[in-house]
Amino acid sequence: MSGVSIVIVNYKNQDLILGCVRSIVEKELNLDFEIIVVDNNSEDESESKLKVIYPDLKWIQMGYNSGFGRANNVGISAASGEYLLLLNSDILVTEENTIAQCLDFLKTLPDSDQTILGTRLVNEDGSYQETLRLTFPGLRREIRANAFYILIVERLFKRKSDLKAKEAQKAAHYTSGEVTWINGAFLLMKYSEMIRRELFFDTDFFLYGEDTEWCWRAAKSGMKFYHWHEKE
């Protein structure tokens, strides 16, 4: 197929995965897509209920709780689209053709084949979720997470530089532009480029942190990260 393969990992979240798939089917009216759900042995009725909503659904049963990265790798290997979207099961598409617009925007970028795209995600109350970063975590971040540092440096001296960094971080969610990396809730990219660079998840990560490490390797391989904001 020439469209988008949407890979979603599921684990004992029947209501979430049903809502996610339903929102894609109902809202993505201009998108050629396939949905691949990789299930980590949920042992519920998700598969049968999902196929009522979307009969062409690809369901891959891992048979055990394999973790987020390993399950994504299996879904990626089963994809047949020109583009790949890795999507969290708790995501709802609330506006028509959001994914289609993201894809259209990605195609306009000068290095679109080498770009991984994310978009702004919001909570139920409309507040933004932190879905992008302007720097990779490192020793500096570990030092700043120390209680002594927070008490002495941040609270007593109220570092203005840190405040500016936080403001810049938040502002980046409300504009379109290049960023350092994007979390794993919504990652859109050219499938062939991802395969060529062998950008599969490190299976040593069971849950949490795997997207940070994956983005770091992607950046090292020459991939860029871009954030799309729907309201320019």
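Phenylalanine 206 sits in the loop between α8 (191-196) and α9 (210-220). Helices here are DSSP runs of H or I with at least four residues, strands are runs of E with at least two, and both are numbered from the N terminus. The model is predicted: local features need pLDDT of at least 70, side-chain atom pairs count only at pLDDT 80 or more, and totals for chains, interfaces and linings use all residues. Residues are numbered from 1 along each chain as its sequence is written, and side-chain values use heavy atoms, without hydrogens and water.

Phenylalanine 206 is partly exposed, with a relative accessible area of 43%. Buried means under 20% relative accessible area, exposed means over 50%, and partly exposed lies in between (1.4 Å probe, protein chains only). Together, Phe206, Leu207 and Tyr208 make a nonpolar surface patch of about 360 Å². Patch residues have over 30% relative accessible area and no salt bridge; like charges are joined within 9 Å, and nonpolar side chains (Val, Leu, Ile, Met, Phe, Trp, Tyr) within 5 Å. A salt bridge places a side-chain nitrogen of Lys or Arg within 4 Å of a carboxyl oxygen of Asp or Glu. Areas come from the Shrake-Rupley method with a 1.4 Å probe; for residues, only the protein chains shown count as cover.

Glutamate 213 lies in helix α9. Glutamate 213 is buried, with a relative accessible area of 17%. Beyond its neighbours within four places in sequence, glutamate 213 is in contact (heavy atoms within 4.5 Å) with Asp202 and Phe205.

The largest nonpolar core has 34 residues. Such a core is a set of buried Ala, Val, Leu, Ile, Met, Phe, Trp, Tyr and Cys residues joined through side-chain atoms within 4.5 Å. Ile6, Ile8, Ile24, Ile35, Leu87 and Leu188 have the most contacts inside this core. Its largest share, six residues, comes from α4. Isoleucine 35, leaving aside neighbours within four places in sequence, is in contact with residues including Ile6, Ile8, Val21 and Tyr54. A second, separate core has 29 residues, among them Val7, Val179, Cys215 and Ala218.

Cysteine 215 is buried, with a relative accessible area of 0%. Cysteine 102 is also buried, at 0%. A search of the whole structure finds zero disulfides (pairs of cysteine sulfur atoms within 2.5 Å).

The chain has nine helices and 10 strands. Of its 232 residues, 47% count as buried. The accessible surface comes to about 12,200 Å², and 51% of this belongs to carbon and sulfur atoms.
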